[in-house]
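This report describes a two-chain model in plain terms. Please look at the sequence and the structure before reading on.

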Amino acid sequence: MKQERFVALHGKTWDRLQSWLHALDRQPRRTLRQEQALDFPAEYRRVCHHLALARGRGYSHEVTDRLQQLVQHGHRVLYRPPPPRWHRVATFLLAGFPRLVRAQWRCMALAAVLFYVPALAILLLLQLRPELAHTFFSSAQLAQFEKMYDPANPHIGRSSGTDLQMFGFYVMNNVGIAFRTFASGLVFGVGAVYVLGANGVLIGGIAGHLTAIGYGGPFWRFVAGHSPFELTALVIAGGAGLHLGLTLLAPGRRRRGPALVAAGWVGAQLALGAFAMLLVAAFIEAYWSSIASLPDPLRFGVAGVLWLLVLGWLWRGGRAVRHGA
Amino acid sequence: MIDTVREIETAEGISLRLRAAGALPRAQAWVLDLLLRGVFFIVAMIPLSIFGVAGNGLAMLLLFALMWAYAVICEVWMDGQTPGKRALGLRVVHADGTPVTWLPSVVRNLLRAVDILPGVYGVGLVSTLVDPHARRLGDIVAGTMVIHARELPAGQQVPAMPALPLPLVLSADEQAALVDYAERAGQLTVQRQEELANLLTPLTGLRDTAAIRQLVAYVNWLLGRA
């Protein structure tokens, strides 16, 4: 069949599909409700067939380029992602995320060791040798910590600012750290190891110093409430980064490319879960932890319950319910 | 051959052609996005300043969203394009040419933190130069690539002319070369058209303008015009 005849035969189909695709770009909802939307998959495949014919018969670019453009556009529409389903967010947070954390328990355990061991070691060390605090922090930093947790300060844990301001600050700062911890894991895991260790030293150092100089009361009362979410989220983000780095180093039985894509898929979900946890942590930190007038039993009681909740959620969340035999 | 076109065979048995976008247009799109976000942030600060110190908190939440969520939300909802990418005619797609979805977009935008290292996109630049599809590290891990979304101009129409049958049978490649010549002749100078047409004097028996007309007439016959 000569080219002109081919165009005369099928040109109308192409024009129809093209105008429908353009209408879809301009008014997506209305166009999708048209009856022609039902015919789109069949029509698209017919045009694909025409392109293959045109290629095979050596038709000129005038026809093949036009069909190629039409097909690329159609491909984008036919294989578009489904609209987001919001109930999946809840399912993910309640079940999918804890399951994923448990599936990666080796990396999570490694991240926890990398974070908690330096933190506890420094904390204990500073009780025995308080003067060592000056090797970890400059005098200006120490003065700032002391000001934040001064027992005479009416608002504990901060030198100034309102609840909302601090909420914004905690979100930006903590989530930024968590995301960077995850991303830096791609550098053979070195970045994640460094961030986890450095944060362990920092947090252990502050806790140790304040406890040693007798400001421990306000400090522990302040951090107790939000620590279950904040510290666990940091460990999870670090674990996700370690997973990424270890996959790059030892992809196992897969090729490096696909293995990395799979690890990135897991890592992004873990990072999003950590993001949700840090939002909760920032909320608690800004609106609950900073209330100075709360009685200690209530404060530490709530902290204990929250620790149990977080660990229980990660341990049991998303397990298949066992029905009676 | 060094080519940035990635051909992907689809389930329909045809191949898609994805033209990978290099570092330069992507850097331009990024700068454009950066400016856009900067201006948006400054404008948003004006109403936020009414709230005083609390406005600072909202401003930081906004800054956080602009830093981390902007690209993901734009890519997922605007068909793989942030405003900067749209202006430059770029689009993020999966490696198989389908539109980018949530998780891959999250991965490629979180891993920006690595690509942006030493200075401004040092790692990312090296990665785009080394990778055959010009992907930065974030794209490699996410399984995505950035392509040129604007289509190349399709070939021009062959000028209509009374058809002349070819005096001898040409192979398919030779026919295709003739048709290509007739389609592109409009983009060439007359001198160049004549120079090319003169190569085929053995076929046409003519030179210069007459040879061009003869070739176009042959092509009209090849295309099946009356």
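In this predicted model, strand 3 and strand 4 (residues 144-148) of chain B run antiparallel and are joined by five bridges. Within this pair, R91(B) stands opposite I147(B), a residue of strand 4 of chain B. Strand 3 of chain B covers residues 90-94 and is mostly covered, with four of its five residues buried. As a general point, side chains in a regular strand alternate between the two faces of the sheet.

**Chain B as a whole**

The secondary structure of chain B comes to eleven helices and four strands. The C-alpha trace of chain B spans about 85 × 35 × 35 Å along its principal axes. Of the 226 residues in chain B, 36% are buried. Among contacts in chain B with a separation of 6 or more, 59% are between residues 24 or more positions apart.

**Annotated stretches of chain B**

An unreviewed UniProt entry lists residues 21-143 of chain B for "domain: RDD". An unreviewed UniProt entry also lists residues 34-52 and 58-78 of chain B for "transmembrane region". The table gives the computed make-up of these stretches.

| Stretch of chain B | Helix | Strand | Distance between end C-alpha atoms |
|---|---|---|---|
| Residues 21-143 | 73% helix | 4% strand | 15 Å |
| Residues 34-52 | 79% helix | 0% strand | 26 Å |
| Residues 58-78 | 95% helix | 0% strand | 25 Å |

**Where the chains meet**

How many residues of chain B are in contact with chain A? There are 47 of them, in contact with 51 residues of chain A. Several elements of chain B each supply at least two residues of the side that touches chain A, including strand 2 (15-19), helix 2 (53-77), helix 4 (102-110) and helix 8 (172-184). Helix 2 of chain B gives the largest share of that side, eleven residues. Sorted by class, the side of chain B that touches chain A has 29 nonpolar, twelve polar and six charged residues.

**Chain A**

Chain A is divided into domain 1, residues 3-78, and domain 2, residues 87-316. The centres of domain 1 and domain 2 of chain A, taken over C-alpha atoms, are separated by 53 Å.

**Two residues with positive phi**

Each chain has a residue to look at here. In chain A, F188(A) has a positive phi of about 55° although it is not a glycine. F188(A) sits in the loop between helix 9 (163-184) and helix 10 (190-212) of chain A. F188(A) counts as partly exposed because it has 13 C-beta neighbours inside 10 Å, and a residue is exposed at 12 or fewer.

In chain B, Y121(B) also is not a glycine, and has a positive phi of about 55°. Where is Y121(B) found? Y121(B) is in helix 6 of chain B, residues 117-130. Why does Y121(B) count as partly exposed? Y121(B) has 19 C-beta neighbours inside 10 Å, and a residue is buried only if it has 20 or more, so Y121(B) falls in between.

Conventions:
Residues are numbered from 1 along each chain as its sequence is written. Chains are lettered from A and ligands numbered from 1 in the order in which they are written. This is a predicted model: local features need pLDDT of at least 70, side-chain atom pairs count only at pLDDT 80 or more; totals for chains, interfaces and linings use all residues. Two strands pair if DSSP finds at least two bridges between them. Domain bounds come from an automatic or database domain assignment. UniProt positions are given in the numbering used here, feature names are shortened, and annotations may be inferred rather than shown by experiment. Two residues are in contact if their C-beta atoms, placed from the backbone, lie within 7 Å. Ala, Val, Leu, Ile, Met, Phe, Trp, Tyr, Cys and Pro count as nonpolar, Asp, Glu, Lys and Arg as charged, and the others, Gly among them, as polar.
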